[in-house]
Amino acid sequence: ALGFGLAAMPARAQQVDGPLVLAAASLQESMTAAADAWARKGHKRPVLSFAASSVLARQAAAGARADLLVSADEEWMDFLDQRGMLAPRTRVPFLGNRLVLVARTDSPAERRPLAAMLRGRIAVADPASVPAGRYAEAALRKLKLWDAAAPQLVRAENVRAALALVERGAAPSGIVYATDARASTRVRVAGVFPASSHPPIIYPLARLKSSTHPEAEGFRRFLLSGEGRAIFTRHGFSRR
């Protein structure tokens, strides 16, 4: 699993380290780069925990110690907001993404419509709870492909797990974010889902009300700065 068991992390370690950031699995490379850039400025390097947004939001709701959250959709941030768990006026739309169909780089590169490529096992983050899976289901329904594709879905715990299934050849294709495809040398983009086929992919950022780390707000502001956003742009995310 990609999460680091935040609830079990000793309090003393949290004081020594930088702020704890819960980040959607698709942010691994970009958030790591942002944390490194912040540390180079002389700050304590943030501690990063990557997992599906659903897992992270539930961890936070259960009282796991954390300072910032970046979810891959608005719904899981709403989940915490409705419970009064976000620091007032810190929630901001942060990043955007695209939804793509990927296949292994050693598979035949044929120009075919999405419907023709969605045959056989399709790796996808679990549509029941994970944002990437929810976007995928919405797109397949909109394109009238859900009934045919649903029985073929291989449901993974997060979008990076779905990507790994394609990389290993456990599924010939997968539905992931464009940034996930960009981060892998073992898959290629076989098709791009129209932006109009699913709700806008928005990554909101917020500080948790329970946050006590003195640098949490500073790192949040750094992420939203021109310098911070440029890091994510270089990794393929769009600005919101």
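Trainee: What makes the largest set of 62 residues a nonpolar core?

Mentor: This is a predicted model, and the term has a plain test: buried residues of nonpolar kinds such as Leu, Met, Ile, Tyr and Phe, joined through side-chain atoms within 4.5 Å. The largest set that passes has 62 residues, and those with the most contacts inside it are L27, M31, L99, I175, Y177, Y203 and F232. As a rule, nonpolar side chains in soluble globular proteins tend to be buried together.

Trainee: Which residues does L27 contact, sequence neighbours aside?

Mentor: Beyond four places in sequence, L27 is in contact with T32, F50, V70, L95, Y203, F232 and F237. There's also a second, separate core of 15 residues, which includes L20, L22, L56 and A60.

Trainee: Why is A24 called buried?

Mentor: The cut-off is under 20% relative accessible area. A24 has 2%, so A24 is buried. You'll find A24 in strand β1, residues 20–24.

Trainee: What is A24 in contact with, beyond its neighbours in sequence?

Mentor: A24 is in contact with F50, A51, S53, L56, V70, S71, A72 and Y203. Take L56: it is 32 residues away along the chain, yet the C-alpha atoms of A24 and L56 are separated by 7.8 Å.

Trainee: How do you know that the span of α2 is close to the expected one?

Mentor: Helix α2, residues 28–40, has 13 residues, and at 1.5 Å a residue the expected span is 18 Å. Just after α2, G42 takes a positive phi of about 100°.

Trainee: Why do we say the buried residues of α2 line one face?

Mentor: Those residues are S30, M31, A34, A35, A37 and W38. Seen down the axis of α2, they fall within an arc of 160°, so they line one face of the helix. What covers them includes β1, β2, β3, α10 and α11.

Trainee: Last one: H198 lies in a loop, so is H198 buried or exposed?

Mentor: H198 is buried, because its relative accessible area is 9%, and the cut-off is under 20%. The loop runs between β9 and β10, and H198 touches L99, Y135, A138, A139 and F193, not counting residues up to four places away.

Terms used
Residues numbered from 1 in each chain as written. Predicted model: local features only at pLDDT ≥ 70, side-chain atom pairs only at ≥ 80, totals over all residues. Heavy atoms only, no water. Buried < 20%, exposed > 50% of the residue type's maximum accessible area, 1.4 Å probe, protein only. Contact = heavy atoms within 4.5 Å. Helix = DSSP H or I, 4+ residues; strand = E, 2+ residues; numbered from the N terminus. Expected span 1.5 Å × (residues − 1). Arc of directions from axis to C-beta.
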